[in-house]
Amino acid sequence: MTTVTLQGAGITIDDIAAVSRQDAPLAAGDQVLDRLANARLVLERAAASGQPIYGMNTGLGANLKTTVTDDLAAFQLQLIRGRSVAMSEPMPRDVTRAVIAARLAMLSVGGSGISPGTFEALLAMLNAGVHPVMTATGSIGAGDLVLLSAMALALVGEGEAEFEGRIHPAREALALAGLKPAELKPKDGISLINASAVSTGEGALALYDARRLMDCQRQAVALSFEGLGANPLILEPAIQAARPAAHQASEAAWLRDALEGSSLHETKSAIQDPLSVRCVASIHGATAEALGRAVHAVEIELNSAADNPLVIAEEDRVLSTGNFHTPTLALAMETLGLAIAQAASASAARFIQLTGSARNGLPRYLSPVGGSSAGFVPMQKTVTALAAAIRHKANPVMLDFLAVSEGVEDHATQTLLTVRKLRDMLELWRGLIACEMLAAAQAVDLRPGHRCGGGSADVHAFVRGVADKLQEDRPLGIDLVALSARLA
């Protein structure tokens, strides 16, 4: 398996997915440890000069003005223990791995001042398959330190961790993997936790899945064009050039390619199809634009020193920052959620067109037998329920926060909440795409002599590899579940 190498730049959402879901090894590039060591020297010189350094020789949050004069290394243990207040269900294994990989990617940039030994210990823990039990609730988008404290505690042998499918006390899990608990140096604790690595790592996985689902939605549309007997002229390049909206031309080109060779090009079609068909290139173009912006926002976080305080080695300075704050990422996730809701709404509308009362030359309800047969019309309720749930999840949450820490932290972004509601939307969207594909395949089968284009024929074959054509009423929910699982 290909190793993902940290260089302090260039980490992508694909890299995070490979580490988290395929257990790809993660390695530090040749310059990373030197960069960390250099930053560490700058940090230690600043501390020795008497400079107050947040979280190293001062308290955190409301305790900002409290000077720490005792054992600075012991304070780092106190710091991570005192912030271990997250609750609810543990994060899934792949998310936990994504979070650790994201934090390592950020640390490799070199702005945290973390000791190289602690960095290497965290890297070894991930590669050995020791996964801290990290509960999911406690971030408001002003850094994910409450959640990341469980990662830091496991690294020093406290709390719990999963190893080879079983939960152990963290010290035992490390021992089973041949590792020893890390010994934190001054500032190592805050370096581990004061970042948005949960939002970034989990966000990377959500966007990786969103990108794949976007391809599935395109395929469903191609099959719907065939099933509805839609007019392919709406995809002509000159139409897209007349209004060059974001990605509209490329989305139309994708569909044109998928429909190449279809008998749609040889038959008389309606002058204008419903908007969910006629405007699909611009709808999908907007979604692709929002997805690209969200990926860009996540990859900025993966490759940035978003630390507070920040070691600026080239200037030999340590400064407090607000770089852990992620309003751009939260806004990108909110925008993508709205764009997906638009695409999902169009998918639902096409389903209603496909399954309506003898529309587009198709049998009523897509039933081959007619009469009292329900055909696909009961599935309209499932489609409507899915679309409504998606619209509900699209409501923004990034403005929902309270001032905490005696007013020191009086703004938040709720980035992690925006990521998680997006992930919920993806699950619903996948079910909706499965509904559209199933109905579109049935419509194609009910058009005698129709020839699909090369790409849409592949989609039809994919659907039929999971679910047979409806001949008489049967529990289609079974087919939907199976098809949705295949799309995953």
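A residue is called exposed here when its relative accessible area is over 50%, buried when that area is under 20%, and partly exposed in between. Keep these cut-offs in mind while touring this structure, which is a predicted model.

**First stop: Ala238**

Select Ala238, which sits in helix α10, residues 237–242. With a relative accessibility of 61%, Ala238 counts as exposed. From Arg451 you can move on to Ser263, which touches both His450 and Arg451 when residues up to four places away in sequence are not counted. Ser263 belongs to the loop between α11 and α12 (275–278), and at 7% relative accessibility it counts as buried.

**The two domains**

Next, colour the protein by its domain assignment, which gives domain 1 (4–194) and domain 2 (210–487). The C-alpha centres of these two domains lie 36 Å apart, and the contact between them takes 43 residues from domain 1 and 36 residues from domain 2. About 2,900 Å² of area is buried between domain 1 and domain 2, and carbon and sulfur atoms give 55% of it. Three salt bridges are found across this interface.

Select residues 415–445 to bring up helix α16, whose 31 residues reach 45 Å from the first C-alpha to the last, close to the 45 Å expected at 1.5 Å a residue. Is this helix mostly covered or mostly uncovered? Helix α16 is mostly covered, since 26 of its 31 residues are buried by the cut-off of under 20%.

Then show the largest nonpolar core, which has 145 residues, and in which Leu207, Phe225 and Trp429 touch the most other members. Helix α16 gives the most to this core, with 18 residues, and the core draws at least three residues from each of domain 1 (4–194) and domain 2 (210–487). Centre the view on Trp429 and display its surroundings: leaving aside neighbours within four places in sequence, Trp429 is in contact with Ala210, Leu213, Met214, Gln217, Ile340, Ala343, Ala344 and Ile390. Apart from this core lies another one, of eight residues, among them Ala39, Val42, Leu43 and Val318.

**Salt bridges**

Side chains of opposite charge can pair when their charged atoms come close. A search of the whole structure finds 23 salt bridges, and a few of them can be visited in turn.

- Select Glu251 and Arg218, which form a salt bridge with their closest N and O atoms 2.8 Å apart. Glu251 lies in helix α11 (residues 248–258) and Arg218 in helix α9 (residues 197–228), so this pair ties together parts that are 33 residues apart in sequence. Both Glu251 and Arg218 are buried.
- Select Asp424 and Lys393, where the closest N and O atoms of the salt bridge are 3.1 Å apart. Asp424 is in helix α16 and Lys393 in helix α15 (residues 379–393), so that distant parts of the chain, 31 residues apart, are linked. Asp424 is partly exposed, with a relative accessible area of 35%, and Lys393 also counts as partly exposed, at 26%.
- Select Glu427 and Arg430, a salt bridge with its closest N and O atoms 2.8 Å apart. These two residues both lie in helix α16, three residues apart, which is about one turn of the helix. Arg430 counts as buried, at 14% relative accessibility.
- Select Arg103 and Asp307, which form a salt bridge whose closest N and O atoms are 2.7 Å apart.

**Backbone details**

For the last stops, switch to a view of the backbone. The peptide bond from Asn308 to Pro309 is cis, with omega near -5 degrees, and Pro309 is placed in the loop between α13 (280–302) and β8 (310–312).

Which phi does Asp23 have? Asp23 has a positive phi of about 55 degrees, although it is not a glycine. Asp23 is found in the loop between α1 (13–21) and β2 (26–28), and it is partly exposed, with a relative accessible area of 37%.

Finish at Ser88, which is not a glycine either but has a positive phi of about 80 degrees. Ser88 is found in strand β3, residues 87–90, and is partly exposed, with a relative accessible area of 38%.

Terms used. Residues are numbered from 1 along each chain as its sequence is written. This is a predicted model: local features need pLDDT of at least 70, side-chain atom pairs count only at pLDDT 80 or more; totals for chains, interfaces and linings use all residues. Side-chain values use heavy atoms; hydrogens and water are left out. Helices (H or I, at least four residues) and strands (E, at least two) are DSSP runs, numbered from the N terminus. The expected span of a helix is 1.5 Å times one less than its number of residues. Buried means under 20% relative accessible area, exposed over 50%, partly exposed in between (1.4 Å probe, protein chains only). A nonpolar core is a set of buried Ala, Val, Leu, Ile, Met, Phe, Trp, Tyr and Cys residues joined through side-chain atoms within 4.5 Å. Domain bounds come from an automatic or database domain assignment. Contact means heavy atoms within 4.5 Å. A salt bridge is a side-chain nitrogen of Lys or Arg within 4 Å of a carboxyl oxygen of Asp or Glu. Buried area is the accessible area (1.4 Å probe) that two parts lose on being put together, summed over both.
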